[in-house]
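Welcome! Here is a short briefing to read alongside the structure, starting with its pockets and moving on to its strands and cores.

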Amino acid sequence: MEPDEKIQAHLVSVWRESKKFLSIGGKEGMLVLTNKHLMFIHKTESKMNWWKAITQRQVVNFIKSKNTMIHHDGYNEEDLMNDCEDVRNIELGFDDISSISFTEKDWGSSLQLEYQKDGKNEKFQYSIAQDWVKYPAKEPTKYMKVDWEPFVQYIKERQKFTK
């Protein structure tokens with residue numbers, strides 16, 4: 001992350017699943033869009049109380065408006081810079097993304113993303129969870145229907161090479 005970057009969109013309670021053959025399970029985290037990068041943060045320094053409150057507020061916001069270009073209070077560029085220091089979090093330049101699209105399903109909306117990082121091709125699906133089961137493993141039970149269009153368009157407009 002660069003010092004002059006600004007957060008454009010910040011989504012919490014995001015469920016990421018690999019779209020590789022025979023992959024099982026997923027990870028919960030935050031999807032953060034800056035003016036230069038797309039980041040998936042699943043190891044954060046943010047406090048649990050903040051996380052619980054903000055996920056509930058996000059559900060209410062998505063019921064009112066499906067726009068994914070939202071920003072939450074209590075998490076800023078300094079917090080993001082601290083979280084980016086953890087190598088388990090993913091930081092992608094827009095030109096690292098080879099394909100980005102979204103689909104509407106009966107159960108919710110999903111963002112499809114393909115990229116190349118460290119010489120490996122990766123393919124993931126991101127969805128915003130509304131409800132969770134916590135035992136035996138934490139997994140979403142219900143997803144939100146959201147509008148990924150402005151999110152996808154923001155990235156595509158800033159790619160140097162259209163794909």
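The lining of the second largest pocket divides into three nonpolar, four polar and three charged residues. In this count Ala, Val, Leu, Ile, Met, Phe, Trp, Tyr, Cys and Pro are nonpolar, Asp, Glu, Lys and Arg are charged, and the others, Gly among them, are polar. This is a predicted model, in which local features need pLDDT of at least 70 and side-chain atom pairs count only at pLDDT 80 or more, while totals for chains, interfaces and linings use all residues. Residues are numbered from 1 along each chain as its sequence is written, and side-chain values use heavy atoms, with hydrogens and water left out.

**Pockets**
- A pocket is an open set of points on a 1 Å grid over the protein atoms alone, where a 1.4 Å probe fits, with protein on both sides within 12 Å along at least five of seven lines; its lining residues have an atom within 4 Å of a point.
- The second largest pocket has a volume of about 190 Å³, taken as the space filled by probe spheres set on the points, which are joined across faces, edges and corners.
- Among the residues lining the second largest pocket are Glu-28, Gly-29, Trp-51 and Lys-138.
- The largest pocket holds about 280 Å³ of space.
- Of its 14 lining residues, Trp-51, Lys-52, Thr-55, Trp-132 and Lys-134 are the closest to the centre.
- Helix H1 (48–64) and strand S7 (120–133) each give two or more residues to the lining of the largest pocket; helices (H or I, at least four residues) and strands (E, at least two) are DSSP runs, numbered from the N terminus.
- H1 supplies the largest share of that lining, six residues.

**Strand S2 and its partners**
- Seven of the nine residues of strand S2 (residues 26–34) are buried, meaning under 20% relative accessible area with a 1.4 Å probe and protein chains only.
- S2 pairs antiparallel with strand S1 (residues 7–18) over eight bridges, where pairing takes at least two DSSP bridges.
- Val-14 sits opposite Gly-29 in S2.
- S2 also runs antiparallel to strand S3 (residues 37–41), joined by four bridges, and a hairpin of two residues links S2 to S3.

**Nonpolar cores**
- A nonpolar core is a set of buried Ala, Val, Leu, Ile, Met, Phe, Trp, Tyr and Cys residues joined through side-chain atoms within 4.5 Å.
- The largest one has 27 residues, with Leu-11, Leu-31, Tyr-126, Trp-148 and Phe-151 making the most contacts inside it.
- Helix H3 (149–158) is among the elements giving two or more residues to this core, and H3 gives the most, with four.

Methods
Buried < 20%, exposed > 50% of the residue type's maximum accessible area, 1.4 Å probe, protein only.
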